[in-house]
Structure formats: structure tokens, C-alpha cells
Amino acid sequence: MDSYKQRFIDLLVRHEVLRFGDFTLKSGRRSPYFINAGQLRTGAAIAGLGEAYAECLQREGLACDLLFGPSYKGVPLAVATAIARSRAGADVAFCFDRKEAKDHGEGGVFVGTAPWDGARVVIVDDVITSGKSIHEAAELLRKAAAVTVAGVVVAVDRMERGRGTVSTLQELQTELGAPVRAIVTIREIAAYLHPRVIDDARLRAIEGYLAEHGA
């Protein structure tokens, strides 16, 4: 496993982003683990997150002029990733959306650099569940300008089945017509953390969940 992925998983554990137990997800499924990126709430934590996103974006070769983070959790992701990319010598613009359009000042629905015709946009989000927020983000961007959605980067691929027989991530990739990448998958996390953090019982629970809901 690449060292940047290991650093990222360690970051998730250190800040209790990754939790184990019995959780009911938005989808209604009961999961033995839960991921809450909202736990990354210090400067060092969000800097580490941005570095992982930027590294994934660079390694996957995703062309990017503009980083977009859907409100609200995507806001710090876009900012932190843009900072990390600039430190690596690639200065890119970023923006995020307001929940309600502003009708005074500069107005509009976007904060930061508004999308422009021809821009290659990479959407950054935390975890794909149904893919609804990513679809909404892509639609919002495409309505604003003739942009190309060049890709999507998320923190963790839960490797769950979508509406059909393939994973939600694969479904989203087909529907968007753009690559959708995760920094790590749940199986990479489990393999790296077993047995020092994930014991045999937790590992069996994760594999059981994937046997029932995975693609």
C-alpha cells in the first residue's frame, strides 16, 4: 500500500473519523463501521486531509482547473486540497456553493472562483453513499457554465452495491462520464489496521457486511 494511503488511514484513526460498532446509515443499512469526516476539525487534521486528496488527484492524473466542494462538508475539502496542490507547485482555483443564492454584494450561488466555460472541474466529497450530492453538484456546475467534470475524489470507497449489481462508485462514474476515485477502500483500511486496531471479530463483521451489501 502506498505510504500516503497509510498516512491517511492513520489520520482517520487518530481523529476518530473511523468508528466501529453498530450504525444505521442514511440508506437504512446497518453497518459495523461509520466514517465522519466532521471529526477533522483542527488545522493539522484538515491539512493532512487536503494532502491526501491532492496526492490522490495527482496520482490518478486528473486534470484540474477548479476544485469544487459541495456544501457543507465539501467546503474545507476544496480549500485544503487547493492549498496542498499549491504547495506541490500546481495552483488551482476552488469554490463551493451556498445553500441559498445571495442577492446582494457579488451575488450568486458560488463562493470562491465561479465556474467558467472550458474549466476542468474536480469535485471533492467525503464518502459516497447514494451519489445524490455528487449528481447535484455536477448539475449545478454544468448549469453555471460549459465546464467539464474531469473527475470526483472521495475519502473512502465503502465498496457497496448501488441500485444494480455494480458499486455505487462505478454507477456514479458511468452516469457522470468521468472517473470517480477514492483515496482508500474499506478493504484497504481493514487490511492495514488488522489486527492492531481491527480485531478478528470486527474484520468478520466488515466482511459479512460486504458479503451482503458489497458489489
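How many helices and strands does the secondary structure of the protein come to? In this predicted model, the secondary structure comprises 7 helices and 8 strands. The C-alpha trace spans about 55 × 35 × 30 Å along its principal axes. Since a compact globule with 215 residues would have a radius of gyration near 17 Å, the value of 17 Å found for the protein agrees with that expectation. Of the 215 residues, 47% are buried, and among contacts with a separation of 6 or more, 70% are accounted for by residues 24 or more positions apart.

Two helix pairs were examined in terms of their packing. Two packed helices are described by the angle between their axes and the distance between the axes. Helix H2, formed by residues 43-59, packs against helix H3, formed by residues 74-87, at an angle of about 70 degrees, and their axes are 7 Å apart. Because angles of 65 to 115 degrees count as roughly perpendicular, H2 is described as roughly perpendicular to H3. The crossing of these two helices, H2 and H3, is right-handed. On the H2 side the contact is made by Ile46, Leu49, Gly50, Glu51, Tyr53, Ala54, Leu57 and Gln58, and on the H3 side by Pro76, Leu77, Ala80, Thr81, Ala84 and Arg85. Divided by class, the contact of H2 with H3 has 9 nonpolar, 3 polar and 2 charged residues.

The second pair consists of helix H4 (residues 132-144) and helix H5 (residues 168-176), which pack at an angle of about 15 degrees with their axes 11 Å apart. Because angles under 35 degrees count as roughly parallel, H4 is described as roughly parallel to H5. The crossing of H4 and H5 is right-handed. In this contact, Ile134, His135, Ala138 and Arg142 of H4 meet Leu172, Glu175 and Leu176 of H5, and the residues of the contact divide into 4 nonpolar, 1 polar and 2 charged.

Ile46, which lies in helix H2, touches Leu40, Pro76 and Ala80 when residues up to four places away in sequence are not counted. The C-alpha atom of Ile46 is separated by 24 Å from that of Arg120, and the two residues are 74 positions apart along the chain. Asp126 is found in strand E6, which is formed by residues 120-127. Because buried means under 20% relative accessible area, Asp126 counts as buried at 12% relative accessibility. With residues up to four places away in sequence again left out, Asp126 touches Ala37, Tyr53, Lys73, Leu77, Val154, Ala155 and Val156.

Several backbone features were also noted. Most residues other than glycine have a negative phi, and most peptide bonds are trans. The peptide bond from Ser71 to Tyr72 is cis, with omega near 5 degrees, and Tyr72 lies in the loop between strand E3 (66-69) and H3. A cis peptide bond also joins His194 and Pro195, with omega about 5 degrees; Pro195 is placed in the loop between helix H6 (186-193) and helix H7 (200-213). Glu16, although not a glycine, has a positive phi of about 55 degrees and is located in the loop between helix H1 (3-14) and strand E1 (18-24), where the residue is partly exposed with a relative accessible area of 48%. Met159, likewise not a glycine, has a positive phi of about 60 degrees and lies in the loop between strand E7 (148-157) and H5.

Conventions: Residues are numbered from 1 along each chain as its sequence is written. This is a predicted model: local features need pLDDT of at least 70, side-chain atom pairs count only at pLDDT 80 or more; totals for chains, interfaces and linings use all residues. Side-chain values use heavy atoms; hydrogens and water are left out. Axes are lines fitted to C-alpha atoms, for helices over the stretch in contact, and angles run from 0 to 180 degrees between N-to-C directions. Helices (H or I, at least four residues) and strands (E, at least two) are DSSP runs, numbered from the N terminus. Angles under 35 degrees count as roughly parallel, over 145 as roughly antiparallel, 65 to 115 as roughly perpendicular and the rest as oblique. A crossing is left-handed if the near helix is turned anticlockwise from the far one by less than a right angle, and right-handed if clockwise. Contact means heavy atoms within 4.5 Å. Ala, Val, Leu, Ile, Met, Phe, Trp, Tyr, Cys and Pro count as nonpolar, Asp, Glu, Lys and Arg as charged, and the others, Gly among them, as polar. The radius of gyration is taken over C-alpha atoms; the globule rule is 2.2 Å times the number of residues to the power 0.38. Buried means under 20% relative accessible area, exposed over 50%, partly exposed in between (1.4 Å probe, protein chains only).
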